[in-house]
Amino acid sequence: EECSTVVLPTPRWTKTTTTTRGAPTTTGIRWDLADSSELSDNPDAWPNTWGPFHWLAVILPAAILVSVCCYLYMRFRISEKRKLKRVHAGEDDDAESPAHCANASAATLDFAQVGGAITPEQIDGAELAIDEAERRARKAGVPAPKRQIGFSAWNELTTPHFKNLASLLDKHPAVQVRLELDWRSASDLVLAELSKLLSQRRGRVRFNVPKAAGDSHLLLPLQGGTVALGNFGEALSLGGHHDIDAVVLQTAVSFMGGAPTSAAVPLGPLRLSAQELILNKQRLGDPGCAVACGFARPWAGRLVAARFLECDIGDGGAAEVARLLIGDSKRARNPSLPALANSLRELVLSANNIGDRGAVALAEALPKCDSLERLLLDRNYIGSSGARALAQRTRRSGLRELVLGSHLGGNPVGQLGAEALSGALNDELDRAAANRATRLQALNLEGCGVGLIGAKALAEVLPKSALIGLSIARCELGDPGVVLIVQAVHPGLMSLDLAGNSLTDEAALIVAVTMR
């Protein structure tokens, strides 16, 4: 009970040999308890008894760890050297000679070969190298050597990069910029900065187009914003890059192992057509429509017809079409041509994915398009709010024909939308308020679900309208709605389509007697 020190036994393996009469000798391992002092006093204790395998087990992990650290360090050093890699004319002993300065005229500082992000300071370093080359040229009495700086989307350029690049180009007129064709990983910010670079530095920014025919396709991100892509298309048109055959919008990464989703905008037809913008059945989507509209925006004043039939255009693409119609005088290629598309007479957007938001954007542009006579929007997804916006703006436009439905399909305008559209048919509106000489002369609402409420609203304004053609086929009018429309027809109406409204014999007789 009174102990000053407690010594606990230490477990230890002990080899034992057992001999039994009439049986073979057996050797085993027994778990013994030994005094710790005895173990420590043993001259064969750890690590004196270690063999080669024991030492290998201890040294090998440490050696592997050191090797891995050295390898990572060398990779880091190689990566840093690649970032500083440049393709340029080689230096010689007589670097100040006129011959050397003349041979250095085609030198290129290619950041695209880095294959990764660069810093704004590296562009400043390139400017210092160009300053030194120009100093040598002046000292040798020869013209300043021409230099080219190459970039790619993988350089991860940001606003500071473009700011430093703009400063470099301002100070050195002999420097040109060469851009790679693949910009699928570029963000909207990079596209906006590239647009400024292309439009403000005309003739000094070029793309590395291969000599092989059919390969001059500029790759842009399919997920990019419509505004950024539209501005890029406009800058591409203003810059005069005739070596680019098409703009291909594509995802940077292919998911699920399939081919990447893409949309192509051929630029050849857009350049050859002076008065028409026709891209029917091209499957452009909103991004492709934005590029096409931006490319045509500098010469929108020459357009007479624009047709986007079955192009998968949604609300974003419709907004870009509205930007094309409105235009901007400051961005016109030829100041003598109007920037507004006031010569446009026909706009076809049938069989797309335009909803209420896109219809509202198009409606805002109608009063500014004095020459627009035909607007085709059938087979879309325009509801009552979109129809209401079109009705309000049509009153102050020169639109003569509005097509929201056809025998192939219509829009879910509904009864309330038809009631709103009827207000655009009132031709007794004060001319000073509308500032237009004519009204709608043709309205197609086939398959738009006009219903009885819409039929009543149309019947009230038909006598006051200047319509010569009205189609309300397959609109679920029934006998009451058809009778109301027929009884309100004025003598100037030349065409009335009432097919597919499930008329009975009595209603058909009334129609026959009234239209006799």
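**Notes on the sheet and salt bridges**

1. Let's start with Lys171: its relative accessibility is 53%, so it counts as exposed (exposed is over 50% relative accessible area, buried under 20%, partly exposed in between, with a 1.4 Å probe and protein chains only). Keep in mind that this is a predicted model, where local features need pLDDT of at least 70, side-chain atom pairs count only at pLDDT 80 or more, and totals for chains, interfaces and linings use all residues. Residues are numbered from 1 along each chain as its sequence is written, and side-chain values use heavy atoms, leaving out hydrogens and water.

2. Who does Lys171 team up with? Lys171 makes a salt bridge with Glu127, with the closest N and O atoms 3.4 Å apart (a side-chain nitrogen of Lys or Arg within 4 Å of a carboxyl oxygen of Asp or Glu). Lys171 sits in helix 5 and Glu127 in helix 4, so the pair ties together parts 44 residues apart in sequence (helices are DSSP runs of H or I with at least four residues, strands are E runs with at least two, numbered from the N terminus). Glu127, at 9% relative accessibility, is buried.

3. Now the sheet: eight strands form an open one, in the order 10-11-12-13-14-15-16-17, with parallel pairing (strands pair if DSSP finds at least two bridges between them). Strands 10 and 17 are at the edges with a single partner strand each, so one side of each has no neighbour in the sheet.

4. Glu346 and Arg307 also meet in a salt bridge, 2.8 Å from N to O. Glu346 belongs to strand 12 and Arg307 to strand 11, 39 residues apart.
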